[in-house]
Amino acid sequence: TVLTTKVHQENLRKGVLNVIRDFRARNPLIPKGPNFNEICSSLQIERDSAGEKALTITLDTLSEKGTLKQIEKTWLLANDTAEVSETLEANIKLIETYLIKCGMKKPLMSEMLEFAQNHNISDKALRQILYHLTLMKKAYKIEDIYFHSTIVDSCRNKLVAYLKENPNGATVADFRDLTDGNRKTCLLLLAQYDNEKITKRRGDIRILANDTPGE
């Protein structure tokens with residue numbers, strides 16, 4: 001049994017509802033709400049604590065009263081349909097296709113904004129779509145530049161295969177030739193793979209993170 005005061009219960013109830021509203025405001029294109037861990041984190045509730053038990057009770061109570069509903073182990077307000085309109089779905093596909101067509105060319109935000117405006121997509125809507133694509137792992141944001149995941153993943157696979165055959169490493173020029181990309185894009189992608197701990201830099205070359213040159 002978890003004993004809490006009415007004031008604490010009410011504060012927890014309001015906190016939960018605010019977290020869910022805030023999540024939906026930031027993620028209007030995702031057909032679900034925050035999960036239990038995300039709610040815990042937002043409310044700064046430690047796992048395996050009395051606070052976690054109180055949160056579980058609060059979520060169950062709000063669900064039983066019809067204030068909340070569960071979708072795929074996440075919580076939404078009961079009146080939130082979490083539906084994405086056909087127009088919005090079309091706009092998401094339009095921007096995703098744009099990123100795919102950019103290929104190895106660095107998609108400049110100024111050009112993307114112009115493209116969006118020409119298709120009646122506002123600046124705010126474009127940024128929400130890009131955030132959504134990143135969250136859904138359909139795009140990568142690398143130093144404020146967005147690349148479609150197929151580009152980043154394909155180049156990663158090519159680089160890993162090359163480095164397995166060439167353990168002494170690859171220069172930026174090697175990677176550029178391997179991917180038929182330009183130097184600026186290749187530098188961004190290599191930085192991404194370094195951050196992923198797939199590769200590491202040794203002077204002017206990249207090697208696999210678990211390799212040593214010459215071995």
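Is Lys-53 buried or exposed? Hi everyone, let's start there. Lys-53 has a relative accessibility of 55%, so this residue counts as exposed. By that I mean over 50% relative accessible area, while buried is under 20% and partly exposed is in between, using a 1.4 Å probe and protein chains only.

A quick word on what you are looking at. This is a predicted model, so local features need pLDDT of at least 70 and side-chain atom pairs count only at pLDDT 80 or more, while totals for chains, interfaces and linings use all residues. Residues are numbered from 1 along each chain as its sequence is written, and side-chain values use heavy atoms, with hydrogens and water left out.

Back to Lys-53, which sits in helix H3. Helices here are DSSP runs of H or I with at least four residues, strands are runs of E with at least two, and both are numbered from the N terminus. Lys-53 and Arg-127 are 74 residues apart along the chain, and their C-alpha atoms are separated by 37 Å.

Strand S3, residues 139-142, pairs with S4 in the antiparallel sense over four bridges. Two strands count as paired if DSSP finds at least two bridges between them. Ala-139 stands opposite His-148 of S4. Two residues lie between the strands, and Glu-143 in that turn has a positive phi of about 50°.

Gln-44 is not a glycine, yet its phi is near 55°. Gln-44 lies in the loop between helix H2 (36-42) and helix H3 (50-64), and at 74% relative accessibility it counts as exposed. Asn-120, also not a glycine, has a positive phi of about 60°. Look for Asn-120 in the loop between H5 and helix H6 (123-135); with a relative accessible area of 73%, Asn-120 is exposed.

Next, the aromatic rings. How many aromatic pairs does the structure hold? There are two. Rings of Phe, Tyr and Trp (its six-membered ring) pair if their centres lie within 6.5 Å; planes under 30 degrees apart count as stacked, over 60 as edge-to-face and the rest as tilted. The rings of Tyr-98 and Phe-115 have centres 4.5 Å apart and planes at 35°, so this pair is tilted. Tyr-98 belongs to helix H4 (residues 86-102) and Phe-115 to helix H5 (residues 109-118), so the pair ties together parts 17 residues apart in sequence. Tyr-98 counts as buried, at 15% relative accessibility.

Phe-175 and Tyr-193 make an edge-to-face pair, with 6.2 Å from centre to centre and 90° between the planes. Phe-175 is buried at 1% relative accessibility, and Tyr-193 is buried at 0%.

Those two residues turn up again in the largest nonpolar core. A nonpolar core is a set of buried Ala, Val, Leu, Ile, Met, Phe, Trp, Tyr and Cys residues joined through side-chain atoms within 4.5 Å. This one has 19 residues, and those touching the most other members include Met-104, Phe-147, Phe-175 and Tyr-193. S4, helix H7 (149-165), H8 and H9 each supply at least two residues, and the largest share, six residues, comes from H7. There is also a second, separate core of 17 residues, which includes Leu-29, Met-112, Ala-139 and Tyr-146.

My last stop is a helix pair. H4 and H6 pack at an angle of about 70°, with their axes 10 Å apart. Axes are lines fitted to C-alpha atoms, for helices over the stretch in contact, and angles run from 0 to 180 degrees between N-to-C directions. H4 and H6 are therefore roughly perpendicular to each other; that label covers 65 to 115 degrees, with under 35 being roughly parallel, over 145 roughly antiparallel and the rest oblique. Among the residues that meet here are Ile-92 and Leu-99 in H4, and Leu-126 and Leu-133 in H6.

Terms used: Contact means heavy atoms within 4.5 Å.
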